[in-house]
Every structure is written in structure tokens, then in C-alpha cells.
Amino acid sequence: MIKVLITGGAGFIGSNFVRYMLERHSDYQIVVLDKLTYAGNLLNLKDLLNEPRLTVVRLDLCDPGVAEVVSGCEFVVHLAAESHVDRSIHDAAVFVRTNVEGTLQLVECCRRANVKRYVQVSTDEVYGSLGPRGKFTETSPIDPSSPYSASKAAADMLVQSYFRTHRFPAMITRCSNNYGPYQFPEKFIPLMISQALANQNLPVYGDGQNVRNWIHVTDHCVALDLILHRGREGQVYNIGGPSECANLTLARRILELTNRPKSLIKFVTDRPGHDRRYAINYGKLKKEMGWEPAIEFEQGLAQTIEWYEGNTVWLETTKNGEYREYFKKYYLHTAAERA
Ligand code: NAD
Ligand code: DAU
């Protein structure tokens, strides 16, 4: 068995990636390292918690115990992070601690343990904001706008320095906005779906004309798996799709697909430092690995709405906080248990 560490595996993209990797690689033993913050939800892995090839370790990235968890792992995919821009505006410190200090501790442990391949899951937000034309390439300047994206950019720089200084075998990925099942309903698409289903207002920031480049989480998982195995060490890979959409257009479409009235849209105060537009040129990944997004946005959005409609227990317990109480027996949290 090949041991693969996935940090943040109880979060949105992490849990989708754990599921994808277990299905795709029957010879992989997956270890999830996750602090289980408010965003770490073991309900996301509910159907997998008795799977013998999966172990969940509840641990903070900044805990010295990370060294022991990394030991014996051949591959590491680092997704754990504080990920919500709005939260970083109110409390930046936890973003620096987890995204910067936590990443440093992880890469140092991986270097000492001679990990063979490491993927740093970063974000297109490190490039800042675009005007109406153009797309981010891997050589676009790093120009973050929020404490979240600044902390992710700092982590990228640390990983790059480990590659240059120690020949640490790392690849960095920068993906655009993901959507799909198991996304915490503080992010735009699940929040809008959840509000629509509850006949509540959909809060749209500013004039609603900010544009995001949407990609289905499964397409992101396929790209991460390819980059883990075939990426060139020290390289950055952009991941994105052709689906650019203004927030207001998207909110209206969600109301149409849920048969709710347009009057539910409520314009609210804009986010400070709000990036106007993101768009990704993923030509490098396409050229080197043949990757292209397979899930068309309109179809993926309809399936995602169906998923939230069909998973009311997940949605309700995630919204009311009950998910925090579940499954305490399924994760290992002391060194003795992990031994
Ligand atoms: P998420 O917030 O859903 O999940 C983050 C996970 O990290 C949670 O399970 C949480 O418990 C865990 N975590 C947080 N702090 C931790 C700590 N100190 N120690 C250990 N675990 C900790 O995030 P997501 O949307 O799934 O994003 C995953 C990664 O992908 C992040 O690094 C994010 O920056 C990046 N990313 C996200 C998107 C997107 O659209 N969601 C796009 C591009 C890149
Ligand atoms: O681009 C990748 C990034 O995408 C990831 O790195 C981040 O982790 C992820 O959170 C996401 O960042 P955004 O800020 O783009 O996503 P969010 O879902 O918070 O917002 C999407 C857009 O919708 C953005 O323009 C702000 C707007 N918005 C958001 C919320 C929560 C609203 O209009 N109303 C809202 O209530």
C-alpha cells in the first residue's frame, strides 16, 4: 500500500478528493490530517468512515505531532487552510497561523521525512484582480487583495523556497472558484442554494457584477491527481475552466432552477477589497497533461442544486451546527491512538 497524506480532507475539496483517490487508486492508503475547524465536517466523509484504507487524524497543522503523521507517507496533497475571504477580513491572524505557519511546519516535516511528491493547493486569488479582459497565467504577478489571499501567497513563496533551497519535490496549483457537493454554505453557490430553498433573501455584494471562473470540484480533483503524479517539480499549474459568470447572473439562475422568485435577491454592502474578476488560462496543464474540465457549468450547477435538495440532513445539521457533535469515535486524536 502507498500511503498518501491529504490535509484538510474533511473540508469541501479535501473530502471530494479523498473519495476520488480511494476510488481511483486501490493500492493507496489515505491518511487525512484535519483540525476539524468549523469548516471540517466529518459528515462529508460519512460513507467512508468504516473504510479500512482511510484513517482520519484530528490535528492542527501547527502541532509538533504532524511529524509523526507525515512519517511513512510517500505523497502529500496539502489542502488544509482557512479558506473564506470574508472571515479573513474580520480576523486575519488565524489565516497567517494556519496558512503560513502551518504550511511551513508541514513542508519542513515532509522534507525531513523524504516525502517523494508534494502538492501545495493554492488559489488563483494570489494573482489579485483582473479587468474586463485577459486571463491569469502562471507568470502573472502575485498581487493579493485580501488577508486570505496574502496568506496563501506567502505559503506559495515558502514552498517555492523549499524547492529552490532543498530541492523539495513540490508542485503548486492555483485553481479558480470550485462548486459541488459538500461545500460549506458560507460560500456563494451553496449559500445561494440554501437561501433559495429556505425562501430567504440571497445577499449579493455590491452591484453583483463581480465575475468568477467556476469549476466543478471533480474536475479540480482530476487535475490534482494528474499533477501529483505527472507534474514537474518546482512548477506552478493553473487550474480553471471556461465558465465565467457574474454573481448577479448566477444568483438569478439559481432562483430559476429552484423555481423561486427573482425578488429574493437582496443587494448588500460590498466586500472591502473585493476582486472584480478572475479568469484562468490553464493552457500549461492542458499541454503537459491533456487536462481539460469535463463538467459543463450549466449541467454541474443543476446537479449541485439537486445534491443540496436531496441532502437536507447534511444541509440542516451543517447550518445549525449539529455536525460538530457527530462521529467523535471515528478520528484519532492522541499520539497513543495514532501509534
Ligand atoms: P474548506 O474551508 O472547506 O476546508 C478546509 C479544511 O482545512 C477543513 O476541513 C478544516 O478543518 C481544515 N483546517 C483548517 N485549519 C486547519 C489547521 N490549522 N490544521 C489542520 N486542518 C485545518 O476549504 P476548501 O474550499 O475545501 O479549500 C481547500 C483548499 O483549496 C484550500 O487550501 C483553499 O485555499 C484551496 N482552494 C479553494 C478553492 C475554492 O473555491 N473553494 C479554490 C482554489 C483553491
Ligand atoms: O478563486 C478561488 C477562491 O474562491 C478560493 O481560493 C477561496 O477559498 C474561495 O472561498 C473562493 O473565494 P471567493 O471570495 O471568490 O468566493 P466566495 O464564495 O466567498 O464569493 C464568490 C463571489 O460571490 C465573490 O465575488 C463575492 C460574492 N458573494 C459572496 C458571498 C459569500 C456575494 O455576493 N454574496 C455573498 O454572500
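1. A polar contact is a pair of N or O atoms within 3.5 Å. The structure discussed here is a predicted model, and the contacts below are read from that model. With that cut-off, Thr37 makes a polar contact with ligand 1: a backbone N or O atom of Thr37 sits 3.0 Å from an oxygen atom of the ligand.

2. In Gly40, a backbone N or O atom is 3.4 Å from a ligand oxygen. In Asn178, a polar backbone atom is 2.9 Å from an oxygen atom of ligand 1. How much of ligand 1 does the protein bury? On its own the ligand exposes 840 Å², and 96% of that is buried by the protein.

3. The shell around ligand 1 draws two or more residues from each of helix H1 (12–24), strand E5 (117–123) and helix H5 (147–166). Which element gives the largest share? Strand E5 does, with 3 residues.

4. In total, 29 residues surround ligand 1. The closest of them are Ile13, Asp34, Ser83, Tyr148 and Lys152. Sorted by class, the shell has 13 nonpolar, 11 polar and 5 charged residues.

5. Ligand 2 has 25 residues around it, and those that come nearest are Asp124, Glu125, Tyr148, Arg271 and His274. The shell around ligand 2 divides into 10 nonpolar, 8 polar and 7 charged residues.

6. At least two residues of the ligand 2 shell come from each of three elements: helix H3 (85–90), helix H6 (188–197) and strand E8 (202–205). Helix H6 also packs against helix H8 (residues 247–257), at an angle of about 40° and with the axes 10 Å apart. That angle makes H6 oblique to H8. The crossing in which H6 passes H8 is right-handed.

7. Helix H1, one of the elements that contribute to the ligand 1 shell, crosses helix H7 (residues 217–230) at roughly 60°, and their axes come within 9 Å. H1 is therefore oblique to H7. H1 passes H7 in a right-handed crossing.

8. Helix H5, which also supplies residues to the ligand 1 shell, packs with helix H4 (residues 93–112). Their axes are 8 Å apart and the angle is about 20°. Why does the pair count as roughly parallel? Angles under 35 degrees are classed that way, so H4 is roughly parallel to H5. The crossing of H4 and H5 is right-handed.

How values were computed
Residues are numbered from 1 along each chain as its sequence is written. Chains are lettered from A and ligands numbered from 1 in the order in which they are written. This is a predicted model: local features need pLDDT of at least 70, side-chain atom pairs count only at pLDDT 80 or more; totals for chains, interfaces and linings use all residues. Side-chain values use heavy atoms; hydrogens and water are left out. A residue is near a molecule or strand if one of its heavy atoms lies within 4 Å of it. Helices (H or I, at least four residues) and strands (E, at least two) are DSSP runs, numbered from the N terminus. Ala, Val, Leu, Ile, Met, Phe, Trp, Tyr, Cys and Pro count as nonpolar, Asp, Glu, Lys and Arg as charged, and the others, Gly among them, as polar. A polar contact is a pair of N or O atoms within 3.5 Å; within protein, one must be able to donate a hydrogen and the other to accept it, and residues adjacent in sequence count only if both atoms are side-chain atoms. Accessible areas come from the Shrake-Rupley method with a 1.4 Å probe; for residues, only the protein chains shown count as cover. Axes are lines fitted to C-alpha atoms, for helices over the stretch in contact, and angles run from 0 to 180 degrees between N-to-C directions. Angles under 35 degrees count as roughly parallel, over 145 as roughly antiparallel, 65 to 115 as roughly perpendicular and the rest as oblique. A crossing is left-handed if the near helix is turned anticlockwise from the far one by less than a right angle, and right-handed if clockwise.
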